[in-house]
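Q: I would like to learn how to read strands, sheets, helices and a ligand shell from a model. Can we go through them in turn?

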Amino acid sequence: MWKLQENILEKSDKDKLSDFIASTDRFTQFNMVKLFEKEWSKWQGCKYSVFVNSGSSADLLMLDAVKEHHALPDNCEVLVPAVTWTTNVTSVIQAKMKPVFVDINLDDLAFDYAGLEKAVTPETKIILITHLLGLPANMAKVKAIAEKRGLIVLEDCCESHGARAEGRKVGNHGAASTFSFYWGHHMTTIEGGMLCTDSEELNDLFLLKRSHGLARELDPSKHDFYRKKYPEVSFDFLFLTHGYNFRNTELHATIGIEQLKHLDRYIGIRNGNHRKYSEIISPLGDKVYRFAAEGISSFCLPFIFRDRKDMELLRGKCREAQIETRPIVGANLLRQPCFRAYGDYRDFHNAEILHLNGFYIGNNQFVDDERLNKLKEVIKDSFEAGVR
Ligand SMILES: Cc1ncc(COP(=O)(O)O)c(C=O)c1O
């Protein structure tokens with residue numbers, strides 16, 4: 001069985017976790033979380049990282065903090081792609097802003113860049129980019145629009161750890177970014193997410209909001225300032241802003257520190273598999289869409305056909321061959337019951353093609369030549385068997 005993801009934790013990760021449990025009585029957010037954040041910042045190349053309990057929490061915290069920091073009005077507009085993960089968009093709604101959906105392109109699966117510029121109104125404040133399936137969005141185009149129209153750029157990198165745009169890692173191109181460490185992603189903390197930024201003010205808001213809004217979450221060098229500013233409230237329970245509890249634990253941070261040591265190797269294997277998959281699908285010619293692979297950090301192996309019958313044929317054959325498949329993320333989100341009020345799905349032409357004619361299979365460090373040869377056979381069997 002070729003599953004989407006398998007047990008990604010290595011023996012050394014499990015050993016470190018058991019050693020850690022045996023060595024401590026402190027399991028809630030503490031030094032291991034700080035260490036993981038420091039190591040992640042080093043790997044990512046950013047100033048500040050804040051570890052939370054999921055990528056979805058990271059998205060909501062990022063939008064809430066950016067809105068507060070820039071004093072953005074309720075109902076201001078945030079441009080989001082028609083294809084991304086649902087909680088990326090629900091975060092916009094939960095932060096009391098309005099998602100405005102823009103169609104995707106079928107080259108890097110991010111925004112249709114011409115449509116992105118057209119969607120900007122005087123109410124637009126943020127472009128929330130998703131680097132989908134490990135494909136880096138065209139940040140030069142996004143930044144040109146953002147600069148021209150005075151918009152804040154935020155990056156969801158939950159599926160694209162280590163991908164590069166313009167030679168730099170994604171997640172370092174806007175005001176802030178998010179990552180997911182859920183099981184099926186490039187590395188895991190089982191559940192978990194990270195926020196990254198170079199802005200001290202945003203980092204402070206991330207720290208506060210992650211943990212109820214508590215002042216003591218800030219760097220100790222800032223404590224005296226707030227002690228003096230609010231002498232009538234105990235510093236132990238001084239709440240500077242509205243917050244959540246999105247903290248993660250020392251256990252998950254311990255796993256994260258170990259997994260991070262494997263991350264470049266995992267990405268190397270994923271990208272090697274992706275190169276072989278590109279060769280395998282090449283006989284399909286223009287039956288399938290091809291994606292710009294430069295700077296990729298492959299999340300999965302996607303298929304988007306021009307014809308739905310071809311998609312159904314190959315997806316069926318994959319199932320018969322015990323290769324697990326999934327629709328491409330939330331596919332056309334305007335078709336999802338929870339987003340129907342935000343537009344007519346038929347207006348999102350490329351998202352519709354992806355929705356109707358696309359699926360993906362897993363890519364990870366367990367995908368090897370044996371599996372890829374099997375995929376080659378399945379494709380040959382599907383399209384040379386005279387079914388169409
Ligand atoms: C693009 C994108 N954003 C956000 C998330 C949410 O991450 P999590 O599952 O850790 O909540 C995901 C999850 O897969 C995702 O793919």
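Predicted model: local features only at pLDDT ≥ 70, side-chain atom pairs only at ≥ 80, totals over all residues.

Q: Which way do the residues of β9 point, and are they buried or exposed?

A: In a regular strand the side chains alternate between the two faces of the sheet. In β9, Gly 193, Leu 195 and Thr 197 point one way, Met 194 and Cys 196 point the other way, and all are buried. Since five of the five residues of β9 (residues 193-197) are buried, the strand is largely enclosed by the rest of the structure.

Q: How many bridges join β1 to β9, and how many join β8 to β9?

A: Strands of a sheet pair through backbone hydrogen bonds, either parallel or antiparallel. Strand β1 (residues 48-52) and β9 run antiparallel and are joined by five bridges; the bridge partner of Tyr 48 is Thr 197 in β9. Strand β8 (residues 176-180) is likewise antiparallel to β9, with five bridges. There, Phe 179 stands opposite Met 194 of β9.

Q: What is the strand order in the open sheet of three strands?

A: The order is β10-β12-β11, and the pairing is antiparallel. β10 and β11 (325-326) stand at the edges with a single partner strand each, so one side of each has no neighbour in the sheet. Between β10 and β12 the antiparallel pairing extends over five bridges. Ile 304, for example, stands opposite Gly 358 in β12.

Q: At about what angle does α10 run to β12?

A: α10 runs at about 25° to β12, and the helix lies across β10, β11 and β12.

Q: Which residues of helix α11 are buried, and what covers them?

A: For a helix, read the buried positions together with the elements that cover them. In α11 (residues 349-357), the buried residues are Asn 350, Ala 351, Leu 354, His 355 and Asn 357. Their cover includes β10 (300-304), α10 (308-320) and β12 (358-362).

Q: How many residues surround the ligand, and which are the closest?

A: The ligand is surrounded by 16 residues, the closest being Gly 55, Ser 56, Trp 85, Cys 158 and Ser 180. By class, the shell consists of four nonpolar, nine polar and three charged residues.

Q: Which helix gives the most to the shell around the ligand?

A: α3 gives the most, with three residues. Both α3 (55-69) and α4 (86-94) supply at least two residues each to this shell.

Key. Residues numbered from 1 in each chain as written. Buried ≥ 20, exposed ≤ 12 C-beta atoms within 10 Å, placed from the backbone. Helix = DSSP H or I, 4+ residues; strand = E, 2+ residues; numbered from the N terminus. Contact = placed C-beta atoms within 7 Å. Pairing = 2+ DSSP bridges. Axes fitted to C-alpha atoms, helices over the stretch in contact; angles between N-to-C directions. Near = placed C-beta within 6 Å. Nonpolar A, V, L, I, M, F, W, Y, C, P; charged D, E, K, R; others polar.
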